[in-house]
Amino acid sequence: MSDYIIHGDSGDWEVVIGLEVHAQIIAESKLFSGAAPDFGAEPNSQVSLVDAAMPGMLPVLNMRCVEQAVRTGLGLNAKINLSSVFERKNYFYADMPQGYQISQFLHPIVGEGIIELDLPDGTTREVGIERLHMEQDAGKSLHDQDPTRTYIDFNRSGVALMEIVSNPDLRGPEDAGAYLRKMRSILRYLGTCDGNMEEGSMRCDCNVSVRMVGEKELRTRCEIKNVNSVRFVMQAIEHEAQRQVDLYENGGQVVQETRLFDANKGTTRTMRSKEEAHDYRYFPDPDLLPLVLLADEVERLRADLPELPDAKKARFIADLGLGAYDASVLVAEKASADYFEEVAAGRDAKTAANWVISNLFGVLNKLDIDIEESPVSATSLGKLIDLITDGTISGRIAKDVFQAMVDSGDDPGAIVEKKGMKQITDAGAIEEAVDAVIADNPDKIAEIRAGKDKMLGWFVGQVMQMTGGKANPKMVNDLLREKTRP
Amino acid sequence: MSSAPADLTIAQAASALAAGDLSSVELTEASIAAMTAARNLNAFITETPELALERAAESDVRRGHGESAGPMDGIPIAVKDLFCTEGVLTTAASHILDGFVPPYESTVTANLRSAGAVMIGKTNLDEFAMGSANVTSYYGPVKNPWRAADGKDRVPGGSSGGSAAAVSARICAGATGTDTGGSIRQPGAFCGIVGMKPTYGRCSRWGVVAFSSSLDQPGPMARTVKDSAIMLTAMAGHDPKDSTSARVDTPDFAAAMTGDIRGLKVGVPAEYRIDGTPAEIDAMWHQGEKWLRDAGAECVPISLPHTKYALPTYYIVAPAEASSNLARYDGVRYGLRMPGASLDEMYANTRGAGFGSEVRRRVLIGTYVLSAGYYDAYYVKAQKLRTLIAQDFKMAFKQVDVILTPTAPSSAFVIGERLDDPIAMYLNDVFTVPASIAGLPGISVPAALDQSGLPLGLHLIARPFDEATLFRAAHALEQAANFTARPVLVSEL
């Protein structure tokens, strides 16, 4: 999928993408104040004096946010800078009360790291992380509350964000999608960001440029601001890359600028040009001392990190014998991985993986719900597998039992009992059915004996139908083979 | 009693209160009367007599129960209108903070309040503390209570001009000030009182309207060194709400004033002898050396080679920080708002109308020095110089315990002078700025009158957090100078 190529009249173009992810840090309070950062509260109900930039108010760094940023850096295999500096990024906007955003500029808390993308063919690819820094979020301007005035909700003002900047290592919309999904997965495993793009707790700026295949230099890029879903990011990149190719193909030039993605039209449009770009006048915030971490603290945080998706995937492959693709599907969400591990405990891992991926995920997709809301618990699914393993039900019947579990939420044992779905393993009963079918279909028997093997399947089907699907398929098969042997 | 209540020092008033010779209400009533009588000075932006009497009565009740909070309990003080005071208009002497009544109390004034001090009002200042003459206030200039032979109104110095005038005019015995480049010490010298700037980080900046965050420091203004020490003990202390507040204990500074400076080493920096300094200021400086020597100290010449860069450094760092600190005054949430057709127009209208010319000048300078392409040449270079200036002092303090200089290169000048020449105005702070740049404690002690009858101050600088030594040396200077001159008060006219 790295071969995302746009074919133009003058040749083939490749797309170069770097992403800046803004991830809201999970913490009890904001980056520099004691106000809560919760989503969905009454407007202006979570605003401290500091968040409203009242005169004489001073920021005090929330060390929990620092820990979370360091943990994220460690999760991205990145260098932790023991000394970092908060700077002021100066510009005026009505929902930015201080007149500056406190951010990190020259000296971010986290330096270079690596994120591993899981590609659909089961292979992986490394994407470089350039840096991670902490910064304050702004408030929210509400332009639709009044015909002439703008209202402002400062609840988000001062909320702690991590800005995670990738290297320009991505080569197409699919890459970008895989990157964002992997990033979200890591953040969620770490518990440092909930990754809810629709609630705005994870947003993405996309830097996009194109170049002819084989060119070494990067061409002029455009930045698409504040895209808020994985799908939109992919759409925006696809559109933007095509727009740039069209420009070049028609003898035009790409102008460096900031663009906005229009989700309704699926297109991007100019937000501000390079000439209109702000001069942010960064300088170290004199209200805050340089942030100095002790190596011991960082090591303590490292030691306390949970198992992350890459490690879990490796373990699923090495210890449980899963294929690379299945493993990466299962570890993508921590809740799925946990569910799977519970099902697989003491059972055949591949069977468990199959049931979770092929059956459970299908149902969840259809119902459009998360695994946490699954109508079938991991315990129940485990019991269902046990019923197959001990021969109580056949694999085919199991699918019906599973559907009944989805519909009723009942225990599989109870369903099997209630609906009389137990497998018939009584050789006499099966032979009776086999004989009856053979007796009823002498012409077809003749065909089999003449060498038309495929007909055997038809007979199995007949017997299964006669037994309500409960006959042990292997026994039916064996018997039929024996009795139809020429 | 020999003195009128308003004439008492903090220490004297504390004794009188303790002895039951005087109640806080009586003392406060006298202060309020003096404040009312001296309105022509324009020292106060807001008077809070009812609040003062209420708190004075509470103090008397405490004392009646034997629960006095200490030497500040029941003492009327004035508060520079840069400190946010809960429920009381806070203006920073700027039009842009019209009608701003904070729902919170600055840490320093809260500390003073818990020590029992009684606020009688909010004093005038240069707008956002930007100035050395208290002429940039939206609420008009403050007059210096001192009169020279020519009878012309003099500036009280700035930016804490209202506080200095109030203390000098015997309206109250103490007032809070803030010092960024000399804003406590220079008006102290101009008004013939003691002005003390603590070490950066000694007093919390929380709730003080910010001018230049890396330089601003609240401090006491009083008529004696001992009173300054008493006040600072009540004001200071680590504050978790200010990340630059130092984690150091607050000693009883007054108790550290032993009166003994034998063996103390006093540095006299060669670089502070600058061309054009009036001879009488030089003479006073020499006299200061002699006084300290006579008291048993040893005076040694020292060199602070980067001194000449202090003022230019200051006038890059302070405006740079100010340009950013003042961005919050945008008409959106509080204070003045001048409507406009767009957001940008509303900003321009509000800030254009709300800020005076000196504030606008500094915001422009600050914006310029932080701009892309100029940042390295100005701001980064200034930061490097700042380090060098601090190192000068560090080296000097290996050799000496305190440094003696004049406080200002002139006495109080006539209101209206130097307005057309900001550089001449900025030169007022030439002796006070270096210590600010280095974050060091400094104190101005009234030492003499010049030939026109206006007070002059001597300035002492000490090591970081060594205010105890600073007060001890200042006390010796004060004893020797025996400065008993006083301005002609309204009540005596």
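**Close-up views of a predicted two-chain model**

**View 1. Helices α9(B) and α12(B) pack at an angle of about 125°.** In this predicted model, look for helix α9 (residues 310-325) of chain B beside helix α12 (residues 376-399) of chain B, with their axes 9 Å apart. The crossing of α9(B) past α12(B) is left-handed.

**View 2. Residues from both helices make the contact between α9(B) and α12(B).** On the α9(B) side you can find B:A310, B:T313, B:I316, B:V317 and B:A320. Facing them from α12(B) are B:Y378, B:Y379, B:A382, B:L385, B:R386 and B:I389. Sorted by class, this contact has nine nonpolar residues, one polar and one charged.

**View 3. A:C206 and B:L460 touch the most other members of the largest nonpolar core.** That core has 222 residues. Beyond its neighbours within four places in sequence, A:C206 is in contact with A:I17, A:L19, A:A176, A:I224, A:V227, A:V233, A:A236 and A:I237. As a general rule, nonpolar side chains in soluble globular proteins tend to be buried together.

**View 4. Here chain B meets chain A, with 32 residues of chain B in contact with 24 residues of chain A.** On the chain B side, α9, α10 (343-354) and α11 (357-370) each supply at least two residues. Our helix from the opening views, α9(B), gives the largest share, three residues. By class, the chain B side divides into 16 nonpolar, nine polar and seven charged residues.

Note on methods:
Residues numbered from 1 in each chain as written. Chains lettered and ligands numbered in written order. Predicted model: local features only at pLDDT ≥ 70, side-chain atom pairs only at ≥ 80, totals over all residues. Axes fitted to C-alpha atoms, helices over the stretch in contact; angles between N-to-C directions. Helix = DSSP H or I, 4+ residues; strand = E, 2+ residues; numbered from the N terminus. Left-handed = near helix turned anticlockwise from the far one by under 90°. Contact = placed C-beta atoms within 7 Å. Nonpolar A, V, L, I, M, F, W, Y, C, P; charged D, E, K, R; others polar. Core = buried A, V, L, I, M, F, W, Y, C linked by C-beta atoms within 7 Å. Buried ≥ 20, exposed ≤ 12 C-beta atoms within 10 Å, placed from the backbone.
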